[in-house]
Amino acid sequence: MSFIDLLRHLRHRTWSRWPIMALLVLSFGGCGGLPKDVDRPVSTALDTAGEPTELATMVQQLRQKAGARHASGFSLLSGPQEAYGSRLALVQSAQKTLDLQYYAIHADASSAHLLRSVVGAARRGVRVRILLDDFHSTGRNALVMRMAFEPNIEMRMFNPVAGPRASFLGRMWGAVSDFSRVQQRMHNKLFLADNMMGVTGGRNLGDAYFGKAEAENFVDLDVLAVGPIVADMSRSFDSYWNNPRAYPVQSLVSREELDRLRAQVRSSGEKAGAEAGSPGSTTPADSPSASSPQWDTQPMDLRTVDFIWAPAAMLVDEPTKIPLEGDEPPPSAAIRAGTTPGAHPEASDTPQAPPAPAAPVSSGDTVVDGLLTLMDRTRRELLIISPYFVPGDDMKRAFARARQRGVRVRLLTNSLASNDAPIAHVGYARHREDLLAMGVELYELRSEQAGLRSAFGSSGASAAGASRSMLHSKVMVVDGRMVVVGSMNLDLRSQLHNTEIALLIRSRALAAEAAQQIDTAMREGAWHLQRSADGDLVWRAPQGSGLEDTHTDPDSSLALRLLLKLLGPLAPDHLL
């Protein structure tokens, strides 16, 4: 288990609930091994070329209306409402297939409504495949696995941890007994409809990712993609779905066990959101509380989206980056799936024929390694958002080389106060002075603010007052002409342990849109970290905030700062 995941869980637990969790662990028995000889029927993305779907027809019409020469289109989803509405629209518009791949799906109100829509699509004949990383499928979140028992829905868990699912305590025991497995997670995020439209980016599925949590919400970014690039995304999904690391839910847990877990969750007083994955329930799991933000479940009108048509490429780590038991990671851990021509930032704008569909081709790098290569080709300016930023030596060397070439490098990350896992801040903090010395400009998100208009939209402040905003977007803008949006952080965890995915889109218009929003976030929503005249660190207050500059981590307590100073030496960068 990573230090980040451990701190996240402990943050939301109280000691009074540990006896209940212990009982749940006992009721589900001890930690067992994973099943052997599991039946995994192979399935792949459906080819809809012979019988175009409504989405395929829509994409063709939108492209013709725009007079676009490129076949794939993209739209940045600015804020949680667009992110949620786009997914609802994809579910409601799908006629043949829905493929969902996520690191985490939380059993709460927003997921409940969305998953009930997915069940509705399955009941009208849409084939649904859900691939979920196993780590967070504990306690009430395990109830999402009930989706696997709905007709026309298949669900698989990637790299599962053996042992009971009833509580965090049980998952901790599994983590202790199989530490290396728990360290390596599938962090990819995909939401694909009819092999023609899809969403990818940083968001998991849950209230805090869609501005619906009452007190704490993530500032995140997605991109809606249409056209041939989605076929590349589908091939990526297939490579994970058909991998032996993906276990059908039925091989891990029975419906009866999940029913018992649901009864236990209910008796422990969990909120109605625990009914996510139970579409037949009459519990109003998608009803907001009186203090939550206005609930809007309207799907996006996809026909009105202003797509930017551009060449693009997709980078995705191979599933084999997470080794099977007894295996070693392969020398090549990333695939570049069917790149659209001209995606390289130095490529010509001359139209080219689209590539023939093909299996993914090995590129010899992880996704993060590929981004480091892209940094080495940057000529003028590099804008980065990375919520968990723990640079390894090769990453610091890439920044140093960029600065030596005269490249301006600006980076926005979480402050100590906005970081949902404060221990992760340690890995960043110990590199701050080196980065500043080489000329990297550092900005840290201001946490406590109502209705933050930060990077790519509001975090979804509560109607009752200020919302704690936590940065979760993963974005790069290169030389004002390329945008990278994905699931990866610039840290050793994304580079060495987790699998990741990223879209590289070469478009000056999209780059300008992203850069403008990042500039605003840095100027108005973030602390600018600098050195004072006497050499000390100083956090310059955001413009217009009315706040004073400070010489310690803003909005953080002395006790927390001292605790992290004590824990810091025990937390190596590669585990953060």
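What is the volume of the largest cavity? Here are my notes; keep in mind that this is a predicted model.

1. **The cavity itself.** The volume of the largest cavity comes out at about 30 Å³. If you go looking for others, note that the structure holds one cavity of 30 Å³ or more.

2. **Who lines it.** Helix 12 provides the largest share, with three residues.

3. **What kind of lining.** Sorted by class, the residues around the largest cavity are five nonpolar and four polar, with no charged ones.

4. **Now over to asparagine 498.** You'll find asparagine 498 in a loop, with helix 14 (492–497) on one side and strand 23 (501–506) on the other. Is this residue buried or exposed? Asparagine 498 has a relative accessible area of 6%, so it counts as buried, because buried means under 20%.

5. **Its neighbours.** Leaving aside residues up to four places away in sequence, asparagine 498 touches Gln183, Gln184, Arg185, His187, Asp317, Lys321 and Arg493.

Terms used:
Residues numbered from 1 in each chain as written. Predicted model: local features only at pLDDT ≥ 70, side-chain atom pairs only at ≥ 80, totals over all residues. Heavy atoms only, no water. Helix = DSSP H or I, 4+ residues; strand = E, 2+ residues; numbered from the N terminus. Buried < 20%, exposed > 50% of the residue type's maximum accessible area, 1.4 Å probe, protein only. Contact = heavy atoms within 4.5 Å. 1 Å grid on protein atoms, 1.4 Å probe; cavity = no way out; pocket = protein on both sides within 12 Å on 5 of 7 lines; lining within 4 Å. Points joined across faces, edges and corners; volume = space filled by probe spheres on them. Nonpolar A, V, L, I, M, F, W, Y, C, P; charged D, E, K, R; others polar.
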